[in-house]
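Please keep the sequence and the 3D view at hand while reading.

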Amino acid sequence: MTTWAILAADGFSLLMTDSVDILNRSCHADVRIMYRQRFFSENSPKLVQGFNAARQEKKPNYLKALSNIVEKLPKQVQVTELPALLSLLLEALSCPDQGVQLSTLSCLQPVLVDPPPALIQQLEALFSRLLALTSSPSMNMRIASLRCIKTISHFPVHEVLPFRARVLRALARPLDDRKRLVRREAVQARAEWYVVEKSQRLTVTVLCSNDPVLFAL
């Protein structure tokens, strides 16, 4: 039963992909415009409902199916639709399936560029999962999580400043990663977080003897 469930979850990726072997126009498949968006709209509520009703050991299958659908959506659609699925995406980052984790990180990256309020309210949970993934056995996972962490540094300063010290400590480990690509991403992410506190400094102009004096608070 578990094997069939995993295969079914993997099948959602096939349905959303332009396959050269099956489900294409040369095989007489009926491929319509925006079919991915329609498929997502019709099936994501069912997957969410199934996830909520499933036993704990079955939940990763629903997360995998959902991530396979969301990953193949156009980026502009992801940005619009993902806030409603945020709780499940955070759950997917803790899923034992590395494929689910990696596809979820790929989905999150465009959303992090212009974060919705719902995401900012979940920063504690998001940081806990992203920082844990910087130690993943998968190099691609470590790189993807570091890129997400770097992007979050551009969130409103008052929202991310409480996490600055924690992030800088956690990024010390990937700075010594055995892979050069991971070290490069860690250096870039740490540099962005290092200047977070400085960006909070406000410049106030005070008139004194008709001369403007600048004070950094």
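## Salt bridges

Arg55 is exposed, with a relative accessible area of 53%, and Glu57 likewise counts as exposed, at 52% relative accessibility. These two residues form a salt bridge in which the closest N and O atoms are 2.7 Å apart. The model is a predicted one, and a search of the whole structure finds seven salt bridges. As a general point, side chains of opposite charge can pair when their charged atoms come close.

Another of the salt bridges joins the side chains of Arg166 and Glu124, at 3.0 Å from N to O. This pair links distant parts of the chain, since Arg166 belongs to helix H11 (residues 164–170) and Glu124 to helix H8, 42 residues apart. Arg166 counts as partly exposed at 26% relative accessibility, and Glu124 is also partly exposed, with a relative accessible area of 44%. The side chains of Glu185 and Arg147 meet in a salt bridge as well, at 3.1 Å from N to O, and here too distant parts of the chain are linked, with Glu185 in helix H12 and Arg147 in helix H9, 38 residues apart. Glu185 counts as buried, at 5% relative accessibility, because buried means under 20% relative accessible area, whereas Arg147 is partly exposed at 38%. Elsewhere, Asp10, Lys64 and Asp97 are linked in a network of salt bridges.

The structure holds three aromatic pairs.

Two charged side chains are placed over aromatic rings. Lys59 lies over the face of Phe51, at 4.3 Å from the ring centre, and Arg164 lies over the face of Tyr194, at 5.6 Å from the ring centre.

## Cysteines

How many disulfides does a search of the whole structure find? The search finds zero. A disulfide is a covalent bond between the sulfur atoms of two cysteines. Among the cysteines, Cys107 is buried, with a relative accessible area of 1%, and Cys148 counts as buried at 0% relative accessibility.

## A nonpolar surface patch

Leu14, Leu15 and Leu23 form a nonpolar patch on the surface, and together they have about 240 Å² of accessible area.

## A buried loop residue

Is Ser153 buried or exposed? Although Ser153 is found in the loop between helix H9 (139–152) and helix H10 (157–160), it is buried, with a relative accessible area of 8%. Ser153 and Ala191 are 38 residues apart in sequence, and in space they are 9.8 Å apart, C-alpha to C-alpha.

Terms used: Residues numbered from 1 in each chain as written. Predicted model: local features only at pLDDT ≥ 70, side-chain atom pairs only at ≥ 80, totals over all residues. Heavy atoms only, no water. Phe/Tyr/Trp six-rings, centres within 6.5 Å; stacked < 30°, edge-to-face > 60°. Lys NZ or Arg CZ within 6 Å of the ring centre and 35° of its normal. Patch = residues over 30% accessible without salt bridge, like charges linked within 9 Å, V, L, I, M, F, W, Y side chains within 5 Å. Areas by Shrake-Rupley, 256 points an atom, 1.4 Å probe, with all protein chains shown as cover. Salt bridge = Lys/Arg side-chain N within 4 Å of Asp/Glu carboxyl O. Disulfide = S-S within 2.5 Å. Buried < 20%, exposed > 50% of the residue type's maximum accessible area, 1.4 Å probe, protein only. Helix = DSSP H or I, 4+ residues; strand = E, 2+ residues; numbered from the N terminus.
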